[in-house]
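Let's take a walk through a protein model together. Keep the sequence and the picture side by side as you read.

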Amino acid sequence: MRQEIYDLRLNAAGCLAAAWLNGSAVSRVDPVHCLLDRRPVHDYLLPSKNMVTLVVSPGAHPAQPFATIGS
């Protein structure tokens, strides 16, 4: 049985960035410590539609990048 393997590559072009796949954080890069990240993401994929979210400057709480200030 053939299994397809998908990978995600994320490059920090002078900023912090985080990639999410179907609601799960899969990658984070920054211009000081990790300029480039590449990892397999096939375990996060759904058999139907998938949603990839790229968050630039995710803030001080990487586990909650979409949280508003003061909440």
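**A guided tour**

Our first stop is C34, which is partly exposed, with a relative accessible area of 25%. In these terms, buried means under 20% relative accessible area, exposed means over 50%, and partly exposed lies in between, using a 1.4 Å probe and protein chains only. C15 is partly exposed too, at 24% relative accessibility. How many disulfides does the structure have? With a disulfide taken as a pair of cysteine sulfur atoms within 2.5 Å, the count comes to 0.

A word about what you are looking at: this is a predicted model, in which local features need pLDDT of at least 70 and side-chain atom pairs count only at pLDDT 80 or more, while totals for chains, interfaces and linings use all residues. Residues are numbered from 1 along each chain as its sequence is written, and side-chain values use heavy atoms, with hydrogens and water left out.

Now look for the sheet. Strands here are DSSP runs of E with at least two residues, numbered from the N terminus, and two of them pair if DSSP finds at least two bridges between them. Strands of a sheet pair through backbone hydrogen bonds, either parallel or antiparallel. In this model, 3 strands form an open sheet in the order 3-2-5, with antiparallel pairing. Strand 3 (24-29) and strand 5 (52-56) are the edge strands, each pairing on one side only. From one strand to the next, the twist averages 20°, an angle between N-to-C directions of lines fitted to C-alpha atoms, on a scale from 0 to 180 degrees.

Let's zoom in on one pair. Strand 2 (residues 17-21) and strand 3 run antiparallel and are joined by 5 bridges. A17 has V29 as its bridge partner in strand 3, and A19 stands opposite S27. The hairpin of these two strands has 2 residues between them, and there N22 takes a positive phi near 55°.

Follow L21 for a moment: leaving aside residues up to four places away in sequence, L21 touches V26, V41, Y44, L45, N50, M51 and V52, where contact means heavy atoms within 4.5 Å.

Next come the charged residues. Side chains of opposite charge can pair when their charged atoms come close. The whole structure holds 2 salt bridges, each a side-chain nitrogen of Lys or Arg within 4 Å of a carboxyl oxygen of Asp or Glu. In one of them, the side chains of D7 and R38 meet at 2.4 Å, N to O. D7 lies in strand 1 (residues 7-11) and R38 in strand 4 (residues 36-40), so this pair ties together parts that are 31 residues apart in sequence. D7 is partly exposed at 37% relative accessibility, whereas R38 is exposed at 59%. R39 forms a salt bridge with D37, with 2.8 Å between the closest N and O atoms. Here R39 is partly exposed at 34%, but D37 is buried at 10%.

Our last stop is D43, in the loop between strand 4 and strand 5. D43 is exposed, with a relative accessible area of 68%.

Technical notes: Helices (H or I, at least four residues) and strands (E, at least two) are DSSP runs, numbered from the N terminus.
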